[in-house]
Each structure stands twice: as structure tokens, then as C-alpha cells.
Amino acid sequence: MTSKYETVIGLEVHLQLETDTKAFCGCSTEFGKPPNSQTCPVCLGFPGSLPVLNEKAFLYSIKVALALNCKIQEIIKFDRKNYYYPDLPKNFQISQFDMPLSYDGFVDVPSADGPAKRVHIKRVHLEEDAGKLIHPVKAANSLVDFNRAGMPLLEIVTEPDINSPEAAYDYLTALKSILQYLRVSDCDMEKGSLRCDANISVRRAGEKELGVKVEVKNMNSFKWVREALSFEADRQIALVEAKERIVQETRLWDAQKLVTISMRSKEEAHDYRYFPEPDLVPFIVDKKIIEDMRKALPELPRPRADRFVKEYGLSGYDAGVLTGQVDLADYFEECAREYTNRKALANWINGDMAAEMNTRNVNILGLGVRPKDLVELLKMIDDQSVSGKTAKDVLVEMVETKKRAGEIVSSKGLSQISDKDKIEEVVRDVLARNERSVNDYKGGKRTAITFLVGQVMKQTQGKANPAMVNDMLKKHLGE
Ligand SMILES: [Zn+2]
């Protein structure tokens with residue numbers, strides 16, 4: 001049924017910039033402080049208080065805009081967005097209306113099957129956050145915390161370029177990766193540093209005109225964005241099929257019931273009665289500052305992935321995974337300086353290390369295994385002082401105890417047995433005790449050797465050098 005329809009999605013990301021102070025006052029932005037302890041007359045909107053633009057927040061905004069290939073506005077102007085809500089003490093939000101600080105950019109989103117897909121960025125603008133309402137369970141009243149009021153927020157809006165919930169997920173992943181490379185935000189969705197709203201409509205395939213769009217909010221993870229949009233597309237298609245009207249409205253994602261629910265009819269821009277912020281003078285940014293910033297941008301995920309393929313001979317897939325997170329890419333490169341088998345290195349990081357990260361729900365830094373410690377372990381495999389199989393267990397132990405590989409191997413007696421005489425002794429014993437398998441082998445059943453190798457490994461607790469065991473068994477079996 002869905003193939004008869006096209007889904008049209010535009011995304012709005014709000015990114016909290018990691019500055020020490022708020023966007024227009026000197027209040028601290030530290031997370032998790034007692035409610036209303038980080039406020040002042042400016043962010044509480046007392047009459048007569050005057051905002052001053054946070055330079056760092058502004059420069060971070062330009063940095064993001066440049067990394068997203070946007071044009072920078074010549075004159076920077078702020079506006080008041082007027083509305084009344086208990087979390088907004090001033091009754092207006094300082095934002096940017098008709099002249100966002102940057103516009104017309106794009107993100108090339110890597111896709112697993114085929115070339116990158118370009119998502120166009122309509123605008124990136126700087127604004128301030130509102131406070132936070134708290135609704136205690138069973139209480140008659142709601143509470144408000146203004147610590148968040150006035151925090152610098154960057155709004156990143158795409159064109160309605162995205163045509164599936166899956167593509168929305170991929171765009172968000174690529175965007176977050178770029179933002180992390182810029183080190184302008186912790187991008188932590190759980191703390192609300194990165195939030196995403198979506199506009200979604202459907203139309204019959206081939207139609208030019210856009211359908212009625214619905215805004216979806218309250219999606220606190222990329223996974224929920226994908227699920228909410230998928231639900232919403234199906235809901236809208238069902239309405240069209242039933243010849244019912246789609247209402248232009250804002251809907252909330254209910255992550256428990258896995259449905260979107262109607263919240264309110266959607267406001268239009270004119271409802272906000274935007275006008276220029278009279279307390280912040282428009283200003284012109286020196287072009288040289290912008291050009292210097294452009295030159296100073298870090299190497300971003302896609303060019304870095306290309307370099308990983310060229311410089312380290314990795315597959316596109318491995319390079320993509322490693323460069324998807326800046327800390328992971330840095331970690332790989334630090335190891336690569338000391339360890340030349342890059343393919344094996346990538347396999348360990350994307351394999352066993354990634355598995356540990358998943359089980360523990362931490363990133364590479366959270367594992368607490370230093371690059372030089374991983375390199376030590378890999379070198380021990382290479383010089384055969386530990387078997388590949390044992391090394392996997394040693395890695396888990398390294399994560400758990402923060403001990404070095406060498407320490408663990410020697411204290412637990414895990415060294416690989418490469419001593420010929422020792423292996424020979426066990427081989428003889430195994431052959432003597434498994435006459436049937438020996439006869440099977442000699443009678444032409446070549447696979448019987450697998451069982452015999454297994455027996456030797458078992459007797460040596462997996463520590464015998466498997467290649468040596470294989471060779472020696474064959475020798476004794478008359479080859
Ligand atoms: Zn303040």
C-alpha cells in the first residue's frame with residue numbers, strides 16, 4: 001500500500017551549545033544544579049535588564065553552519081518570538097526570524113546501499129531555550145525550573161528532502177557525528193542537549209503538491225524518531241485512503257503506546273508576532289573571521305573515512321564505522337601509530353571492543369582500555385605468546401579490571417603453549433586415548449582430525465598454539 005504514496009519529511013534539530021554561560025547573560029549552564037539556582041534578571045526577563053550576546057555561542061554557531069556547508073548572513077540580527085507560556089518568563093524568546101545567521105547548506109548522508117544522499121539545510125539559527133516545566137505525579141500543581149531558560153540553542157532545519165523514516169534516522173546519525181566532531185555540544189539526547197521535531201506529510205506518488213503537514217514532537221531518541229514517523233506516515237495514508245481529512249496539527253509521540261497523539265492545532269509564524277529585538281543591535285561579521293574559521297574546521301567524518309580507506313587500506317564499511325564517532329576514530333589512529341596491521345586493528349575495535357561497548361552501554365573512552373594497552377594485546381597475539389581465542393577473554397578482563405594484557409596473561413598463566421615438547425606430549429596422549437578417531441582418519445575420514453585438535457586444545461585449556469597442534473597431529477598420523 002505504501003508504494004502508492006510518497007512520504008515527505010523535514011527535520012528540526014535543537015542543539016544545546018556547550019558554553020560555560022547562557023546565550024545572553026552570565027548565568028552558568030552547568031547541568032543538574034538545584035532548580036532556579038542559575039538565574040538572573042536577564043534570563044528571568046526582569047524589566048530594564050539587557051541581554052548581551054555570548055561570543056562563544058555565536059562562534060560555535062558559525063562553526064556548525066560552515067561544517068554544514070551553509071552561507072553566512074552578512075548582517076546578524078535577532079528577533080523576538082512572542083508567546084505566552086509558564087516556562088517563558090519574558091513572554092518572548094530571543095530567536096532569529098527572517099535573517100537566520102546561516103542558510104542554504106547540505107549534509108551528504110552516507111547510505112549502506114549506494115551513494116550518499118544529500119539533505120539540504122534550509123537554515124541554522126541561534127536562539128535561547130525556555131525553562132522546564134515539571135509535573136510531579138499526583139501533585140495539584142506543576143513546577144518550573146528556569147535554569148534552562150536562556151541556554152544557547154542552535155536550530156538546524158532541513159528542507160523537506162527526506163523521504164522515509166529510515167532516511168530521517170540516517171540523516172540524524174550523520175548530523176550528530178558531524179556535531180560531535182566540532183566539539184560544540186555533548187549531543188546527549190537523554191540530557192536534552194539534542195532534540196528533534198519532525199514535519200511529515202504524505203502524497204500520492206508523482207504528485208507535485210505537498211500534503212497537509214503534521215508536526216511530531218517528543219521523540220527522545222533517533223529510534224523513536226524512526227518509529228514515530230513510520231506510525232505517522234501509515235496513519236496519514238490510512239486517512240487519505242479513507243478519504244478523510246488530515247488536520248494540520250502538532251502531535252506527540254507516546255513511546256509507551258507507540259502512537260502519536262494530537263496535542264494542539266499548529267501555530268502559523270504570524271501567530272508569534274515576530275519583531276526585531278530592540279536590545280540587541282544588528283552587526284556585521286568580518287569576512288576574515290569566517291574564512292579563518294572555515295580553514296580551522298576539523299577533518300569531518302566523510303573525508304576522514306575516505307582517508308582511512310586510502311591510508312590504512314580499510315574497507316569502506318570499517319572506515320565508516322570507525323569514523324562515525326570522533327572518539328572512536330581518534331582511538332583507532334592512536335593505535336595505528338604503534339601497530340601496523342590496521343585490518344586486524346579495525347577488526348578488534350569494530351568486533352570485540354564494539355561488543356564490550358554495547359554490553360556496557362559506553363563509548364570507547366568508557367571502556368577504559370588505553371590505545372597502547374590494546375596494541376600490547378595485539379602484539380602478543382602476533383608473537384604467539386597468547387592465542388587469538390585467549391586474547392578475547394583477556395580483553396574482557398582488561399575492561400573489567402583495567403589491568404594490562406601482559407599482567408593478566410602472566411598472573412593467570414594464559415600464555416600460549418608454543419613449546420614443541422609440551423605439545424608433543426599432549427598429542428601423544430590424545431592419540432593413544434582416541435584410537436577410533438585415529439583409525440577413522442587413517443581410513444579416509446579426514447574430518448576426524450578436527451576432533452583430535454579439539455581434544456588437544458581441551459587438555460591445554462585452549463592454550464596450545466593451534467597451528468602447531470595441527471601440524472604435529474598430521475605428522476604423527478603419518479603425513
Ligand atoms: Zn541569567
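Which residues do ring pairs link into a cluster?

Modeller: The model is a predicted one. In it, ring pairs join Tyr83, Phe97, Tyr272 and Tyr274 into a cluster. A search of the whole structure finds nine aromatic pairs, and one of them is formed by Tyr83 and Tyr272. The ring centres of Tyr83 and Tyr272 are 5.9 Å apart and their planes stand at 70°, so this pair is edge-to-face; the cut-off for that class is an angle over 60 degrees. Tyr83 is placed in the loop between S4 and S5, whereas Tyr272 is placed in the loop between strand S14 (259–265) and S15, so the pair ties together parts that are 189 residues apart in sequence. As for accessibility, Tyr83 counts as partly exposed because its relative value is 26%, while Tyr272, at 15%, counts as buried. The limit that applies here is 20% relative accessible area, under which a residue is called buried.

S5, S4 and S15 form an open sheet of three strands in the order S5-S4-S15, with antiparallel pairing. Strand S5 (92–95) and strand S15 (275–276) stand at its edges and have a single partner strand each, so one side of each has no neighbour in the sheet. Strand S4 (residues 79–82) is joined to S5 by four bridges, and the two run antiparallel. Within this pairing, Asn82 has Phe92 of S5 as its bridge partner.

Phe308 belongs to helix H5 (residues 301–312) and Phe332 to helix H7 (residues 326–338), so the contact ties together parts that are 24 residues apart in sequence. Phe308 is buried, with a relative accessible area of 0%, and the value for Phe332 is likewise 0%, which makes Phe332 buried.

Lys191 lies over the face of Phe31, 5.2 Å from the ring centre. The ring of Trp348 has the charged end of Lys392 over it, at 5.5 Å from its centre.

The zinc ion has Cys25 (SG), Cys27 (SG), Cys40 (SG) and Cys43 (SG) as its protein donors, at 2.3 to 2.4 Å. The angles among the four donor atoms are 100 to 114°, and the site is tetrahedral. For comparison, the ideal angle for four tetrahedral donors is 109.5 degrees. Along the chain, the donors follow the spacing C-x1-C-x12-C-x2-C. Cys25 and Cys40 both lie in the loop between strand S1 (5–16) and helix H1 (55–67), so this pair ties together parts that are 15 residues apart in sequence. Cys25 is buried, with a relative accessible area of 13%, and Cys40 is buried as well, at 18%.

As to the overall division, the protein consists of domain 1 (2–290), domain 2 (299–412) and domain 3 (420–476). Taken over C-alpha atoms, the centres of domain 2 and domain 3 are separated by 33 Å.

Notes: Residues are numbered from 1 along each chain as its sequence is written. This is a predicted model: local features need pLDDT of at least 70, side-chain atom pairs count only at pLDDT 80 or more; totals for chains, interfaces and linings use all residues. Side-chain values use heavy atoms; hydrogens and water are left out. Donors are N, O and S atoms within 2.8 Å of the metal (3.2 Å for Na, K and Ca); water is not among the atoms, so sites may look incomplete. Four donors count as tetrahedral if all angles lie between 85 and 135 degrees; four count as square planar and six as octahedral if opposite donors are over 155 degrees apart and all others between 65 and 115; anything else is irregular. Buried means under 20% relative accessible area, exposed over 50%, partly exposed in between (1.4 Å probe, protein chains only). Domain bounds come from an automatic or database domain assignment. Two strands pair if DSSP finds at least two bridges between them. Rings of Phe, Tyr and Trp (its six-membered ring) pair if their centres lie within 6.5 Å; planes under 30 degrees apart count as stacked, over 60 as edge-to-face and the rest as tilted. A charge sits over a ring if NZ of Lys or CZ of Arg is within 6 Å of the ring centre and within 35 degrees of the ring normal.
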